Protein chains: 2
Amino acid sequence: MQLKLKTDYGLRVLLYLARQAQGAADWRAVDPVSSETVAQAFAISKEHIVKVVQALARHGWVTTRAGRGGGLQLAADPDTIDVGDVVTALEGRDGVLDCVAEPGVCVLEPGCRLRRLLIEAESAFYDTLTGTSVGALASVRGRRGGLLNLDLN
Amino acid sequence: MQLKLKTDYGLRVLLYLARQAQGAADWRAVDPVSSETVAQAFAISKEHIVKVVQALARHGWVTTRAGRGGGLQLAADPDTIDVGDVVTALEGRDGVLDCVAEPGVCVLEPGCRLRRLLIEAESAFYDTLTGTSVGALASVRGRRGGLLNLDLN
């Protein structure tokens, strides 16, 4: 059972921006970062980052500005971005097996209870993610509560 | 988030055999069925069925007999085959993202809490499946408790 690469990259971008914001007084005060910089940090192609950023922007989590001094920024407080929402949005709810997404594909279906059980299990997965924010996940605090300075670039 | 085709096919084979067993006095009393018959019922290639049957046999859930009158049979009471065990065995626990399976692949890792949250979510998924048997899933009972006669072939 694996999540899509798109979800992987989307979470990384948000966590990257959230961690940057931790070093600032306010998440709005962080300078834009280029997709290239983010791509290099994760050793992922820039095209993948650009594509997932478009999806994140559509959901109101990031914003992009073209031109000099432009780049990628958070468009929402990372403490309010729910990880369950992010994974649901990027992953889509296609169903963990074909029979979940497309009833009628399997000869066993009349009476088969697998479909309902899988829907329950998938919900349990998402329920575990819901209620945790991107900000909380990214939070890097040292043993004495001090913020660690990680060089993300 | 999707399960592997192998898991899909493995569940279908077990559910097929379990449903056959419901029509019999005892699951041991069911005649062997050929991989070809099962493959045709699901409109899946026989090669896929043969491959997943090998995996199911390794786990002691089915048995195969070659030759005339041979074929595929349950090797355990379907009411004792746990769906969580089947999905775990066929799916493997690779981790829903690379960082779960291979710590160290991501620059965010020191302090990132995503990995732990994903492991929790995956466990919640499997916990939902655990405790339900293949026999219970396959059970086809009509509104008045009568067993429906489905022609699986």
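**A helix pair in chain B**

Mentor: In chain B, helix α2 (residues 35–42) packs against helix α3 (residues 46–58) at an angle of about 120°, the axes lying 8 Å apart. Axes here are lines fitted to C-alpha atoms, for helices over the stretch in contact, and angles run from 0 to 180 degrees between N-to-C directions. Helices are DSSP runs (H or I, at least four residues), numbered from the N terminus. α2(B) and α3(B) are therefore oblique to each other; angles under 35 degrees count as roughly parallel, over 145 as roughly antiparallel, 65 to 115 as roughly perpendicular and the rest as oblique. Their crossing is right-handed, a term used if the near helix is turned clockwise from the far one by less than a right angle.

On the α2(B) side, the contact is made by S35(B), E36(B), V38(B) and A39(B), and on the α3(B) side by K46(B), I49(B), V50(B) and V53(B). Two residues are in contact if their C-beta atoms, placed from the backbone, lie within 7 Å. By class, this contact of α2(B) with α3(B) has five nonpolar, one polar and two charged residues. Ala, Val, Leu, Ile, Met, Phe, Trp, Tyr, Cys and Pro count as nonpolar, Asp, Glu, Lys and Arg as charged, and the others, Gly among them, as polar.

The model is predicted: local features need pLDDT of at least 70, side-chain atom pairs count only at pLDDT 80 or more, and totals for chains, interfaces and linings use all residues. Residues are numbered from 1 along each chain as its sequence is written, while chains are lettered from A and ligands numbered from 1 in the order in which they are written.

As for the assembly, the contact between the chains takes 41 residues from chain A and 41 residues from chain B. In chain A, α1 (5–22), α2 (35–42), α4 (83–91), α6 (114–129) and α7 (134–138) each supply at least two residues of the side that touches chain B. α6(A) gives the most to that side, with 10 residues. By class, the side of chain A that touches chain B has 27 nonpolar, four polar and 10 charged residues.

A rotation of 180° with 0.0 Å of shift along its axis superposes chain A on chain B (RMSD 0.0 Å). That is the relation of a two-fold axis. The same surface serves both copies, since 100% of the contact residues of chain A recur in chain B. The predictor gives the complex an ipTM of 0.86 and a pTM of 0.86.

Methods:
Least-squares fit on C-alpha atoms with pLDDT ≥ 70 in both.
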